[in-house]
Amino acid sequence: SMEQGLVVTQLDIQPGECIKVKGKILSDAKGFAVNVGKDSSNLMLHFNPRFDCHGDVNTIVCNSKEDGAWGEEDRKADFPFQHGDKTEICISFNELEATVKLPEVEFQFPNRLGMEKIEYLAVEGDFKVKAIKFH
Ligand SMILES: C=CCO[C@@H]1O[C@H](CO)[C@@H](O[C@@H]2O[C@H](CO)[C@H](O)[C@H](OCc3cn(-c4n[nH]c(N)n4)nn3)[C@H]2O)[C@H](O)[C@H]1NC(C)=O
């Protein structure tokens, strides 16, 4: 599985605020994930670009996790990532959905758990975090 990377807890991100994660995708990346929610067992969003892993090629898999149990996966049509890319991923949310803004495209994912704040951020896998900002 993906080795543990940056983990930030005790956050208090409100609807409309955003979390910006800047970093570099490894040149031989198999996949990476950005997780936001309450804690590692309760995720509003697991945003998981897969270059080649779990049987997926160049596919973004999104999911939620409630009390440790994965929800229904949502596979996105676009894959705006390439090996070695520097990128900036901006995550925000409201009561209805989470939004992931990338330089050229954005994705939505339902706020299935009805979370009212984001307290937890984790980045896993083949992504080297250079900076995080909270706006
Ligand atoms: C076709 C076979 C059965 O379906 C497959 O079932 C797999 C196992 O549940 C699915 O992969 C999981 O999909 C989850 C999202 O729905 C997650 O991406 C999960 O990986 C999360 C993960 C976290 N970590 C990790 N966290 N911390 C550390 N150190 N490692 N490692 N893996 C993946 O292992 C995979 O996406 C799913 N594929 C399909 C097509 O449904």
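This is a predicted model: local features need pLDDT of at least 70, side-chain atom pairs count only at pLDDT 80 or more; totals for chains, interfaces and linings use all residues.
The largest pocket holds about 200 Å³ of space. Its lining is made up of 12 residues, and those closest to the pocket centre are His46, Asn48, Arg50, His54 and Trp70. Two elements each give two or more residues to this lining, namely strand E4 (42-53) and strand E5 (56-66). Of the elements, E4 gives the most, with 3 residues. Sorted by class, the lining of the largest pocket consists of 6 polar, 3 charged and 3 nonpolar residues.

The ligand comes next. It is surrounded by 13 residues, of which Met2, His46, Arg50, Glu73 and Glu124 are the closest. His46 and Arg50 are also among the residues closest to the centre of the largest pocket. Several side chains place polar atoms by the ligand. For Glu124, a polar side-chain atom lies 2.7 Å from a nitrogen atom of the ligand.

The last stop is Ala122, which is part of strand E11 (residues 120-125). Ala122 counts as buried because its relative accessible area is 0%, while the cut-off for buried is under 20%. Beyond its neighbours within four places in sequence, Ala122 is in contact with Gln4, Leu6, Val7, Ala33, Val34 and Asn35. Val36 lies 86 residues from Ala122 along the chain, yet the C-alpha atoms of the two are separated by 6.6 Å.

Terms used
Residues are numbered from 1 along each chain as its sequence is written. Side-chain values use heavy atoms; hydrogens and water are left out. On a 1 Å grid over the protein atoms alone, a cavity is a set of points where a 1.4 Å probe fits but cannot get out, and a pocket is an open set with protein on both sides within 12 Å along at least five of seven lines; lining residues have an atom within 4 Å of a point. Grid points are joined across faces, edges and corners, and a volume is the space filled by probe spheres set on the points. Helices (H or I, at least four residues) and strands (E, at least two) are DSSP runs, numbered from the N terminus. Ala, Val, Leu, Ile, Met, Phe, Trp, Tyr, Cys and Pro count as nonpolar, Asp, Glu, Lys and Arg as charged, and the others, Gly among them, as polar. Buried means under 20% relative accessible area, exposed over 50%, partly exposed in between (1.4 Å probe, protein chains only). Contact means heavy atoms within 4.5 Å. A residue is near a molecule or strand if one of its heavy atoms lies within 4 Å of it. A polar contact is a pair of N or O atoms within 3.5 Å; within protein, one must be able to donate a hydrogen and the other to accept it, and residues adjacent in sequence count only if both atoms are side-chain atoms.
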